[in-house]
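Trainee: Could you pick one part of this model and take me through it closely? After that, just keep going wherever it leads.

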Amino acid sequence: MPRLQSGSRGVKSPSIAGGNWKFALRALRSRNYRLFFTGQTVSLIGTWMTQIATSWLVYRLTGSAWLLGIVGFAARIPTFVLGPFAGVWVDRWNRHRTLVITQILSMVQSFAMAGLALARIITIREMIWLGLAQGIVNAFDMPARQAFVIQMVEDRADLGNAIALNSSMVNTARLLGPSIAGVVIAAAGEGYCFLIDAFSYLAVIASLLAMRISPTQPRKPGKAIWQELNEGWSYVTHFVPIRSILLLLALVSLVGMQYTVLMPIFAAQVLHGGAHTLGFLMGASGIGALLGAMFLAARQSVFGLERMVPLAAAGFGVGLIALGFSRFLWLSLVLMLLVGTAMMTQMAASNTILQTIVPDDRRGRVMGFYSMAFLGMAPFGSLLAGALANRVGAPWTVMICGSICIAGAGWFVSHLSEMRDLVHPIYRKLGIIPEIAAGIRGAGALLSPPED
């Protein structure tokens, strides 16, 4: 594993940070992370192409919004069911090898989709099963990917920057992938999107194989999987900072992040536009998310991010409420920019804090629960948003969801003082903030997480 430095490098001087774009890209100094960033950027563009092509193909074959939701549900529900178990696996096994395997399996799945689509024999049943298979792979891939970041970054002080750059990478691909997919679908059909995606996995597989990873001994499982799962559950539910972050993230994912499901209704019925209107709205959200990620990438350290989590959640809620009232395209675009920025800021800030304070031997399990909170709640949120919109309409639905997000942010703030008491001593131990000899209430007892 690359050497992780903590000491004086944990705090950057303002003169280094001020107006220097290199500072915002500092995690790329690490060779392994630079390789991963390059390969993953190519692969993610293909992934977004596949998402758009899948939705378009399902709707073209069936004309059914319900089946569109079923395919999406099948692709996401494995993360909710398998996420915690995948976290135990990631803690037990080699994370680098796990990622190589998940990328190869994802490539095989995309080639299967491409072959069936190009042969014009694909059916909705096959799309559901292939989506479910990809969902199972993703359930293991996400916690492994999140837990592996710290092994790619040579200086632990750059961990937050690496996570923010990951978010920038995802949202850059989110802007490019759908645009490229639209051109390819119009020119050649959905099958070629799946084929491009399959070949794009070669980039990330090559980057993983090119890494120089110090050999590490996998942790031998001394306990049954259920015992280790219970230990992970006990840790995340009893350690206040992790519990609070995951609960707020799960709440916002359940009720807030499903605004994308309702965007076609806003585009057609509320703003009286067409497909181009939907594209503008989603593009504005993507640009906002990219801005949020870039803002976090330019930050000097993780210190102070705990305040940003509830502020971003509240800003997200305010943006959704205002969007429900808007009847003008220009105003809706501005609000979608705010919504995207706030959503990404909360997600990336939460991820950074978790990755910083979690011990390495529990990192996989915590990131498994993180995956369950962030992605695993999505299929239930989609069903909830659809059912509520059927009763009260899309504008009222996003306003109700925005209000719940604000309430969740208020609850998080009520635990902020206790979180700081627990988190700041860990930051001092890691060298992220200076050691202060006096005035640390109960610091000695707080350096360690609660016993299982």
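This is a predicted model: local features need pLDDT of at least 70, side-chain atom pairs count only at pLDDT 80 or more; totals for chains, interfaces and linings use all residues.

Mentor: The axes of α5 and α8 come within 8 Å and cross at roughly 165°. Angles over 145 degrees count as roughly antiparallel, so α5 and α8 are roughly antiparallel to each other. As for hand, α5 passes α8 in a left-handed crossing. Sort the residues of that contact by class and you get 20 nonpolar, 5 polar and 1 charged.

Now follow the chain past α5. Most residues other than glycine have a negative phi. Arg-120 isn't a glycine, yet its phi is positive, about 60°. Arg-120 is also exposed, at 73% relative accessible area.

There's another one like that at His-272, in the loop between α11 and α12 (275–297). His-272 is not a glycine either, and its phi is positive, near 55°. With a relative accessibility of 66%, His-272 counts as exposed.

Val-153 and Ala-27 are 126 residues apart in sequence, but their C-alpha atoms are 6.5 Å apart in space.

Back to helix packing, this time with α11 (residues 259–270) and helix α13 (residues 305–325). The angle between α11 and α13 is about 20°, and their axes are 13 Å apart. That angle makes α11 roughly parallel to α13; the cut-off for that label is under 35 degrees. The crossing of α11 and α13 is left-handed. On the α11 side, Tyr-259, Met-263 and Phe-266 make the contact, and they meet Phe-316, Leu-320, Leu-323 and Gly-324 of α13. By class, the contact of α11 with α13 has 6 nonpolar residues, 1 polar and no charged.

Stay with Met-263 for a moment. Met-263 lies in α11 and is buried, at 0% relative accessibility. Setting aside neighbours within four places in sequence, Met-263 is in contact with Leu-278, Leu-281, Met-282, Leu-323 and Met-336. Its C-alpha is also 8.6 Å from that of Ala-394, although 131 residues along the chain separate Met-263 from Ala-394.

From there, step over to helix α17 (residues 394–414), where you'll find Thr-397. Thr-397 counts as buried, with 0% relative accessibility. Leaving out residues up to four places away in sequence, Thr-397 touches Leu-262, Ala-385, Leu-388, Ala-389 and Val-392.

Another threonine to click on is Thr-79, in helix α4 (residues 65–92). At 4% relative accessible area, Thr-79 is buried. Again not counting residues up to four places away, its contacts are Gly-135, Ala-139, Ser-371, Met-372, Leu-375 and Gly-376.

Next, the cysteines. How many disulfides does the count come to? With a pair of cysteine sulfur atoms needing to be within 2.5 Å, the count comes to 0 disulfides. Take Cys-405: the nearest cysteine sulfur belongs to Cys-401 and is 6.9 Å away, and Cys-405 is in no disulfide. Cys-405 is buried, with a relative accessible area of 0%. Cys-193 is buried too, with a relative accessible area of 0%.

Finally, zoom out to the whole protein chain. The protein chain has 19 helices and 0 strands. It has 452 residues, and 54% of them count as buried. Among contacts with a separation of 6 or more, 85% are between residues 24 or more positions apart.

Key:
Residues are numbered from 1 along each chain as its sequence is written. Side-chain values use heavy atoms; hydrogens and water are left out. Axes are lines fitted to C-alpha atoms, for helices over the stretch in contact, and angles run from 0 to 180 degrees between N-to-C directions. Helices (H or I, at least four residues) and strands (E, at least two) are DSSP runs, numbered from the N terminus. Angles under 35 degrees count as roughly parallel, over 145 as roughly antiparallel, 65 to 115 as roughly perpendicular and the rest as oblique. A crossing is left-handed if the near helix is turned anticlockwise from the far one by less than a right angle, and right-handed if clockwise. Ala, Val, Leu, Ile, Met, Phe, Trp, Tyr, Cys and Pro count as nonpolar, Asp, Glu, Lys and Arg as charged, and the others, Gly among them, as polar. Buried means under 20% relative accessible area, exposed over 50%, partly exposed in between (1.4 Å probe, protein chains only). Contact means heavy atoms within 4.5 Å.
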